[in-house]
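Visitor: I have a model open on my screen and would like a friendly walk through it. Could you take me around?

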Amino acid sequence: MIRLAIVLSDSEPADAYRSAVRRLRDVALADRIAESDAVVTDDHEEAWNAACADRHVLLESAEDTAGPRLAELAEACRKASRCFMPAHPWRFRPSVRAVRDALDAGKLGEPGLLRIHRWDRSAGAEDVSAQLIPEIDLANWFFAGPPREIYALARDDYLQVHLGFADGGMALIDHAALPAGTGYYSLSLIGSTGAAYADDHRDLQLLLAGGAPSALGKVEGILPVIGQLDEFASAIRAARPPSVTLEATVAALDVLDAVSSAARERRVSRSSTSAGGSYELDG
Amino acid sequence: MSSTDETQGAARPLRALVLSVVKHDYIPLAVAAHPRVDLVVVADDASQPNWVHERNTEFADRFDIPYVRDPERAIAEFRPDLAIVSSQAERHCDLAVRAAVAGLHVIVDKPLSTTLAQCDRMVDAVDRAGVKCLLWNRNLLPALIQARDTVESGAIGELYAIHCDFYFSKDAGPPRGSRQPGDPPIDWLQRQIEAHADGSDGGVGERPMGELEIEGIYPLAYIRRLAGVQVRRVFARTATHFHQANVDNEVDDLATVTLEMDGGLVGSLAIGRIGAASHPEIGEIKIHLLGSKGGLVISEARPEVGVYYRGQPPLEFKHQRVANENDYLLVENFVQAIDSGCETLLDARTGREICAIVEAAVRSGKTGQIVDVDHRPSD
């Protein structure tokens, strides 16, 4: 039995994790870190304390933690033979999992083109580029590595990103704010022998209540949390690295830095290595 | 030549010359279906290979009209008002210019041409002759009309971004990686001739063409019509991802293009010939538009009716497009342009503009650089 302590600043995700624990075998809630085997937290100090106390750590909002601090956490867990997993819940969304499973099963062949439209309720005053970590990480994940070329265009509450990967792979991602209400998400992955389309346009239901029809968006609920927690628990039991590691978070952050530079300067940012990473702007 | 009979108050029928029909017979078929137009003759150059003459003859026989192996003689004898050009892509311009010089209005299959120099020649010829030119397009599909009406209504506010996915789920011969050691490279023209049977021969001609060149005109025409401004700069990635013929002939079958337009508008195009297995219908063709007040997502295929039955051939599309008047509306637009002197929906000048975007994107894909679009100086 894995005893999990939940130390999150926001009650909504905390409730989601409590509900997720009830859906899993051999995982139970612990009231305090001292009584736990593992901790899920969005506080890097709590994470550090948990790692030093030989707890497995699932770190929410890992992208908000500075790179060196993340590395320290990961190292502390490694030395204690404990699991460290940055939370990338977007990888565990049912629609994303279906695409990934098709790719892993060989149904899609070699990935060629990833297209994502992410239109949120409202980007507000926040830096819209910082919110793009999930989509950047998905692109890195589907193409098994970071891009070699990056171009981006930005304006208030809008960002579009164009990525070129080794072996000719490419991705187009746009992130926009919409007026308050239901957002929109569309992801399609075109491979050499097949394609997968996870598209809100297909998944919307109609509401006819006078006036023009309204669309009801799809609901994935806490399934991403369940999937992520299940992976965390499985990695602990099997004493193996989790499917999401520090390297993935760091790679996504590196690409995001390059995206911001490319958008600011309206120049292509290019990797100095054939494997991607270490970006410099074209002269 | 006046297209209206003022004595009788009725517009006279327009006589059409089918000036090579080796590619898409749906264009002369669409013209023939319009009540104002009569097909009177098919013509092509005598020097063309036998397969060209065979296709021209078959079409002529279908309509019980003559096939003349001399376009200028056909024009002199049959006195058409307009010409419909659906030849190999590299001949579009030459044939269309000859028709325009002879005073014929012209409908041209896409692309306008494979080179900007030829496009300029076409624009100049049309201008000098004072004739009308229509580049065949899909801008009057019901979904595109709905998109334009919605944008123009202001429902999404001021447009600032437009993205188009244009994937044709068609095969193009053997898959990439299938060539065995010692096998010769796939001959482009021969492959296209074979592809005529299933209608996937959009690139028919001697010169190999990538998907950007073959089909790019359609989504770029959508963007042009909906955005209403020119594309000035592009960044593209291109690849040969699916088909051995594209690998052997070094032309793309998959491309992504970032578009920077006048007025700060931005957008993108994702285009590919992705293989028949990769979509249940003809392909995923969608337009995403963003404005100051909201977004709009358009599936180009709709409205559709789903038809499924026992024994249905695997390659038969299970969703049939309905209420599609694109063909009639395009020809009607062309006829009205002839009657009234107004411009067509997609004229030679705009066709040249689109070819310039394609040319810039191909260059960007090859060089990995951002490329300025080479527009005509007067545009």
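Visitor: What area is buried between chain B and chain A?

Guide: Happy to start there, keeping in mind that this is a predicted model, where local features need pLDDT of at least 70, side-chain atom pairs count only at pLDDT 80 or more, and totals for chains, interfaces and linings use all residues. Residues are numbered from 1 along each chain as its sequence is written, chains are lettered from A and ligands numbered from 1 in the order in which they are written, and side-chain values use heavy atoms, with hydrogens and water left out. Buried area is the accessible area (1.4 Å probe) that two parts lose on being put together, summed over both. Carbon and sulfur atoms give 59% of the total, which is about 3,300 Å².

Visitor: How many residues does the contact take from each chain?

Guide: Contact here means heavy atoms within 4.5 Å. By that rule, the count is 46 residues from chain B and 42 residues from chain A.

Visitor: How many salt bridges are there between chain B and chain A?

Guide: A salt bridge is a side-chain nitrogen of Lys or Arg within 4 Å of a carboxyl oxygen of Asp or Glu. The side chains of E260(B) and R266(A) form one, at 2.3 Å from N to O. The count between the two chains is five.

Visitor: Which element supplies the largest share of the side of chain B that touches chain A?

Guide: Strands are DSSP runs (E, at least two residues) and helices likewise (H or I, at least four), numbered from the N terminus. Several strands of chain B each supply at least two residues to that side, among them β9 (159-168) and β12 (266-273). The largest share is seven residues, and it comes from β11(B).

Visitor: Which residue does a cis peptide bond join to K110(B)?

Guide: The omega of this bond is about -5°.

Visitor: Is D64(B) buried or exposed?

Guide: D64(B) has a positive phi of about 55° although it is not a glycine, and its place is the loop between α2 (50-63) and β5 (67-68) of chain B. Buried means under 20% relative accessible area, exposed over 50%, and partly exposed in between (1.4 Å probe, protein chains only). At 70%, D64(B) is exposed.
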